[in-house]
Amino acid sequence: MDKVFSSVEAHPRINLGPLERQVLDVVWALGTATVREVVRDGKLWQTYTTIMTTMHRLFKKGLFDRVPEGRAFRYCPRYGPAQLERIAAEESIRQLLSSQNASLHLSYLVEAAGTQDERLLDELEALVERQRAELRKGLK
Amino acid sequence: MIFAARGIMVSLAFFALTYSFFSLLALLAWWGMQFFSRGRPVPVNLCFGFRVMPFALSAAITLLLAFPSFLLLEGRSMDEDVGTFALSASAVLFLAAGLYQVTTAAARTRRVVAESLEGAMGLTAAEVSSAFVSPRSVLPLMLVGIRTPRVLISEAARDVLSAGELQAAVRHELEHVRSRDNLKKVILSCIPFPGMAGLERTWQEAAELAADGGAVSSREEALDLAAALIKLSRRFPPQAAPAFTTGLVSVPCSVATRVERLLAWEEHSIASHSRWRYALPLAFAAIVGLAAKLGPVMILMHSLTERLVP
């Protein structure tokens with residue numbers, strides 16, 4: 001989850017503070033939540049008012065939808081962790097490519113992506129081989 | 001004769017409006033679905049349906065209702081305005097753009113396929129008569145052709161894959177034959193509309209995942225296909241397949257995603273079930289209903305045409 005937040009930080013509209021990250025994490029885990037439910041969840045030690053302000057801020061930043069429920073609001077994350085990561089990544093890449101040294105940045109990006117891909121393929125290949133070995137062992 | 005030409009012009013204008021309306025509706029529905037699906041894969045037939053339905057619906061309504069109702073109910077006068085001319089011209093331009101796109105892409109693809117087929121030899125190991133090993137294939141493994149589909153395997157790809165992996169890879173391409181994916185690409189190319197690129201890309205990704213799912217029927221086959229994908233993507237960097245062809249390791253779908261799905265393969269976990277057969281009785285009922293009320297429907301359609309294309 002830290003990986004998600006570190007890429008989110010680069011996004012200007014969803015630049016998140018530490019408490020905002022924690023609240024988002026709790027609401028993702030709960031699905032939807034009122035302020036009281038987040039407080040009751042017990043993962044955060046902050047007061048009701050602090051959490052209410054934080055959730056309101058996340059709503060203002062467009063990361064939460066909310067519907068009235070009694071005298072309070074029920075908040076629902078507008079994006080899942082994967083979607084948020086994607087938005088943040090797209091925004092970072094857009095910023096990178098709109099800068100003066102765009103072509104240079106692009107070459108670094110391609111290089112980094114290639115290395116990352118290679119590493120991922122290594123891991124997947126090892127997994128395939130392990131599963132094949134297990135399958136052969138099961139057949140014997 | 002002039003009246004029929006006027007009917008064609010009004011029908012084209014009507015088509016331009018309905019096609020734009022249904023396309024925007026499809027795009028809105030698509031965005032809504034993506035938002036609510038929250039990253040879950042969307043069924044391949046639904047993607048394709050969203051993409052072609054606007055054209056199919058607007059063409060059917062125009063040909064079967066708008067044009068006949070105009071011929072039957074319109075007064076024999078010549079009073080069309082500039083807006084109608086402009087709309088019908090835009091419809092002609094759009095149809096011509098689709099035709100141009102298809103013919104140029106088809107010519108390019110024919111050239112590439114002809115080059116790739118030079119010196120190609122039948123592959124006996126794959127137990128299918130339509131698989132060939134080609135010394136000049138542009139992709140390691142690709143499916144070409146619509147009426148007589150052929151799987152082309154480059155010599156390098158054949159050398160790098162084991163027999164089981166090669167068979168799994170060929171079965172993947174044969175799944176594309178079964179679902180007529182190359183023909184679907186031609187259809188999509190015929191009906192361009194701005195803003196549809198994302199939907200088309202999603203369909204291509206879903207088609208790859210569906211072909212992976214259809215090609216394997218056991219854990220061993222799933223691992224063979226996963227291994228083939230890894231080996232080929234390592235050896236040959238993924239690139240876009242030529243138009244109207246399908247490559248095993250092509251750009252729209254991430255190899256890692258496909259391998260992860262194959263590693264998580266369980267019986268019936270990936271297979272997609274077509275639900276189109278449920279739509280057929282509905283479509284039949286709609287046609288019978290329309291035929292039974294053809295008179296009022298024609299009058300309604302004519303008044304709608306009058307409103308939209310005054």
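Reader: Let's start with contacts in chain A between residues at least 6 apart in sequence. What share of them join residues at least 24 apart?

Author: Two residues are in contact here if their C-beta atoms, placed from the backbone, lie within 7 Å. In chain A, 49% of the contacts between residues at least 6 apart in sequence join residues at least 24 apart. For chain B, residues 24 or more positions apart account for 75% of the contacts with a separation of 6 or more. Before we go on, keep in mind that this is a predicted model: local features need pLDDT of at least 70, side-chain atom pairs count only at pLDDT 80 or more, and totals for chains, interfaces and linings use all residues. Residues are numbered from 1 along each chain as its sequence is written, while chains are lettered from A and ligands numbered from 1 in the order in which they are written.

Reader: Thanks! How many helices and strands are there in chain A?

Author: Elements are DSSP runs numbered from the N terminus: helices are H or I with at least four residues, strands are E with at least two. Chain A has six helices and two strands, and from the N terminus on they are arranged α-α-α-α-β-β-α-α. Chain B comes to 11 helices and five strands.

Reader: And what percentage of the residues of chain A count as buried?

Author: A residue is buried if 20 or more other C-beta atoms lie within 10 Å of its own, exposed if 12 or fewer, and partly exposed in between. By that rule 16% of the 140 residues of chain A are buried, and 38% of the 310 residues in chain B are.

Reader: Could we try that on single residues? Is A:Val26 buried or partly exposed?

Author: A:Val26, which sits in helix 2 (residues 18-30) of chain A, is partly exposed because it has 19 other C-beta atoms within 10 Å. Beyond its neighbours within four places in sequence, A:Val26 contacts A:Val38, A:Asp41, A:Lys43 and A:Leu44. Now look at B:Val309, in the segment after helix 11 (294-308) of chain B. B:Val309 has 23 other C-beta atoms within 10 Å, so it is buried. Sequence separation is worth a look too: B:Val309 and B:Thr84 are 225 residues apart along the chain, yet their C-alpha atoms are separated by 6.1 Å. Outside four places in sequence, the contacts of B:Val309 are B:Val10, B:Ala13, B:Phe14, B:Thr84 and B:Leu87.

Reader: How many residues has the largest nonpolar core?

Author: In soluble globular proteins, nonpolar side chains tend to be buried together. A nonpolar core here is a set of buried Ala, Val, Leu, Ile, Met, Phe, Trp, Tyr and Cys residues joined through C-beta atoms within 7 Å. The largest has 52 residues, and B:Leu141, B:Ile153, B:Ala169, B:Leu225, B:Ala226, B:Ala228 and B:Leu229 have the most contacts inside it. Helix 8 of chain B provides the largest share of this core, nine residues.

Reader: At what angle do helix 5 and helix 7 of chain B pack?

Author: Two packed helices are described by the angle between their axes and the distance between the axes. The axes are lines fitted to C-alpha atoms, for helices over the stretch in contact, and angles run from 0 to 180 degrees between N-to-C directions. Helix 5 (residues 163-178) and helix 7 (residues 197-215) of chain B pack at about 120°, with axes 8 Å apart. They are therefore oblique to each other; angles under 35 degrees count as roughly parallel, over 145 as roughly antiparallel, 65 to 115 as roughly perpendicular and the rest as oblique. The contact involves B:Ala168, B:Arg171, B:His172, B:Glu175, B:His176 and B:Arg178 of helix 5, and B:Ala211, B:Asp212, B:Gly214 and B:Ala215 of helix 7.

Reader: Finally, how many residues of chain B are in contact with chain A?

Author: There are 13, in contact with 12 residues of chain A. Helix 8 (219-235) and helix 9 (255-263) of chain B each supply at least two residues of the side that touches chain A. Helix 8 of chain B gives the most, with eight residues.
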